[in-house]
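Me: I have a protein open on my screen and would like to talk it through with you. Could you take a look with me?

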Amino acid sequence: MTSQATPDRPVRRTFLRAGLTGAAALGTGLALGASPASAAPAVSAASTPSPAARPRPGTPDEALRELAAGNRRWRTFHERHPDETPATRQALVSGQHPFAVVLGCIDSRVPPELVFDQGLGDLMTVRSAGEVLDEAVLGSIAYGVLELGIPLVLVLGHQSCGAVRAAVEAEESDEPLPAHIQYLADQIRPNIDHGEEGDARVDATIDANVRAVRARLAAEPDLAAKVAGGELAVVGARYELSTQRVHRIAG
């Protein structure tokens, strides 16, 4: 005996979703790093609110404000190191509710959890040299947004990016790079800013690359639908090694 399919019946996706929930809503007035660097009071990890007590950002605007506040603590040496307590670790066994996806570079000087003074369960971090996109990176970001309901994707470039410099110098010398590093350069190459020369070209290309990656992510159909509905923001930003400040990159 065979059963008849009911195509109009909604199918519930269960892939890796057990115990995971997310909230997303309309956010406005997006800003990052716009506030002045004011000293925040030092708070010990022991006094940091538990996951249940600490409000979780649920909109793009709230997520951006939380990242901006965390970066302000980081660069003024008033880190709180939140969400590291034994109670937090135990609570995270049953599920996670990160409030932002950060696509950053692999550079060891730019760890998102430190740069934004966040802890366990707060950020979903995806890292590739020069923020280069491939199917694994795209799938990881999509998982955070579509399965966990994360309201913010932040593309985080940084000052003195070695991957960007390698791409610029490879184009100028026309010499191939070793093995898979050439793939990275090929992905960055279309974003090279030819209006500048020398170190200024590298610096301008860092920003141009962030813009291009952000634009590509925002154009992905599933993510674009979330953006159009006000549930998601895809934002470009840059971390300055010299000042430890994260600021928005327009465009």
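**Confidence and cysteines**

Me: Which pLDDT do residues 1-30 have, and how many contacts beyond four places in sequence?
Reply: This is a predicted model, and over residues 1-30 the pLDDT stays under 50, although the model has 45 contacts for them beyond four places in sequence. The pLDDT is likewise below 50 over residues 34-51, a stretch with 33 contacts in the model beyond near neighbours in sequence.

Me: What does the protein average, then?
Reply: The average pLDDT of the protein is 85, and 79% of the residues score at least 70. Among its elements, α2 has the lowest mean pLDDT, at 96, while strand β3, residues 152-158, has the highest, at 99.

Me: Switching topic, how many disulfides are there?
Reply: The count comes to 0 disulfides. C105 is in none, and the nearest cysteine sulfur to its own, that of C161, is 4.1 Å away.

Me: One more, where is T85?
Reply: T85 lies in the loop between α1 (60-75) and α2 (86-91), and T85 is buried, with a relative accessible area of 17%.

Me: What does its side chain, that of T85, join?
Reply: The side chains of T85 and T88 are joined by a polar contact of 3.0 Å.

Terms used
Residues numbered from 1 in each chain as written. Predicted model: local features only at pLDDT ≥ 70, side-chain atom pairs only at ≥ 80, totals over all residues. Heavy atoms only, no water. Helix = DSSP H or I, 4+ residues; strand = E, 2+ residues; numbered from the N terminus. Buried < 20%, exposed > 50% of the residue type's maximum accessible area, 1.4 Å probe, protein only. Polar contact = N/O pair within 3.5 Å; in protein donor to acceptor, adjacent residues only side chain to side chain. pLDDT = per-residue confidence, 0-100. Contact = heavy atoms within 4.5 Å. Disulfide = S-S within 2.5 Å.
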